[in-house]
There are 2 protein chains.
Amino acid sequence: MAKLPVIDPRDVPAQRGASYPQPFAQRVAGRVRRRVGEALGLRNFGVNLTLIEPGGQSALRHWHTRQDEFIYVLEGELVLVTSEGEQLLGQGMAAGFPAGSGDGHHLVNRSPYPAVYLEVGDRSPGDDVHYPDDDLLGHAAPAPRVFRNREGQPY
Amino acid sequence: MAKLPVIDPRDVPAQRGASYPQPFAQRVAGRVRRRVGEALGLRNFGVNLTLIEPGGQSALRHWHTRQDEFIYVLEGELVLVTSEGEQLLGQGMAAGFPAGSGDGHHLVNRSPYPAVYLEVGDRSPGDDVHYPDDDLLGHAAPAPRVFRNREGQPY
């Protein structure tokens with residue numbers, strides 16, 4: 001019998017932190033991801049159940065050239081930071097980040113409680129990532145993502 | 001100032017029912033979708049906040065040739081029906097349907113309460129849809145989706 005498709009996403013193994021080079025990675029030490037889409041055999045897009053500890057952040061502030069991103073808050077509160085300002089996201093709120101927006105975003109947990117959200121991003125080929133606050137660029141090809149500084153030097 | 005990216009998905013306009021030809025459409029009359037991804041400007045994948053009324057169903061039982069699908073239950077209970085059997089999905093449970101599985105699926109609400117879930121599906125080109133229980137085939141190109149019977153006749 002084939003594998004049945006229903007899971008509890010909280011049973012997916014947790015992965016702490018990010019693949020950024022140091023010193024950037026330490027800023028995302030409070031992020032715990034569960035790769036739910038991969039656990040379900042999905043390949044066209046990723047779905048993570050992600051927990052941000054108090055004081056933690058989702059990522060460096062960034063935008064993608066090809067990938068669309070979507071988030072939906074399941075528990076707690078997060079502050080979305082973009083160049084347009086800050087917005088508070090409570091439980092049941094959603095946000096979307098279309099590819100090529102040119103406006104970096106990330107989520108910061110300024111509350112005393114963990115925050116949990118679903119995040120979805122597609123796997124369009126040739127996606128690069130820009131980090132407007134940091135001397136960092138992320139290149140998609142060849143996978144895994146390669147990080148360089150703005151002068152093109154690898155970390 | 002650009003549009004800020006946070007929304008309450010429950011504020012997105014509701015769309016009742018499906019685009020199937022009759023007599024199939026009436027079976028999905030109890031489905032109410034809010035196209036959250038489109039409201040956020042996303043194009044690479046769709047995200048819907050979908051409500052199934054008691055006695056309703058998500059779709060005809062189907063599988064996609066190219067599109068991956070993901071669902072996450074926010075409220076209530078749904079029964080997932082596939083060729084492998086039935087599974088109950090409560091709040092916080094997830095399921096995934098990789099492209100090309102060959103095993104049709106749909107969600108049925110057998111409870112006395114509405115059920116609400118998030119559904120995500122990518123927009124890979126050339127996606128066809130097979131409906132193993134019905135004399136129906138869905139072709140993706142040219143958009144919008146074209147429905148024919150198994151002898152190739154349009155509805």
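In which loop of chain A is A:Pro23 found? A:Pro23 lies in the loop between strand 2 (14-16) and strand 3 (31-35) of chain A. Strands here are DSSP runs of E with at least two residues, numbered from the N terminus.

This is a predicted model: local features need pLDDT of at least 70, side-chain atom pairs count only at pLDDT 80 or more, and totals for chains, interfaces and linings use all residues. Residues are numbered from 1 along each chain as its sequence is written, chains are lettered from A and ligands numbered from 1 in the order written, and side-chain values use heavy atoms, without hydrogens and water.

B:Pro23 is found in the loop between strand 2 (14-16) and strand 3 (31-35) of chain B.

| Cis peptide bond | Omega |
|---|---|
| A:Gln22 and A:Pro23 | about 10 degrees |
| B:Gln22 and B:Pro23 | about 10 degrees |

**Symmetry**

Chain A superposes on chain B by a rotation of 180 degrees, with 0.0 Å of shift along the axis and an RMSD of 0.0 Å. That is the relation of a two-fold axis. A:Asp122 has the C-alpha nearest the axis in chain A, 3.8 Å from it. Both copies use the same surface: 100% of the contact residues of chain A recur in chain B.

**Interface**

Contact (heavy atoms within 4.5 Å) links 41 residues of chain A with 41 residues of chain B. The buried area between the chains is about 3400 Å², and carbon and sulfur atoms give 66% of this area. Buried area is the accessible area (1.4 Å probe) that two parts lose on being put together, summed over both.

Polar contacts give 17 residue pairs, both residues at pLDDT 80 or more. A polar contact is a pair of N or O atoms within 3.5 Å; within protein, one must be able to donate a hydrogen and the other to accept it, and residues adjacent in sequence count only if both atoms are side-chain atoms.

Elements of chain A that give two or more residues to this side include strand 4 (45-52), strand 6 (69-75) and strand 11 (115-122).

Strand 9 of chain A runs antiparallel to strand 1 (residues 6-7) of chain B, joined by two bridges. Pairing requires at least two DSSP bridges. A:Ala95 has B:Val6 as its bridge partner in strand 1 of chain B.

Terms used:
Copies are superposed by least squares on the C-alpha atoms of residues with pLDDT of at least 70 in both. Helices (H or I, at least four residues) and strands (E, at least two) are DSSP runs, numbered from the N terminus.
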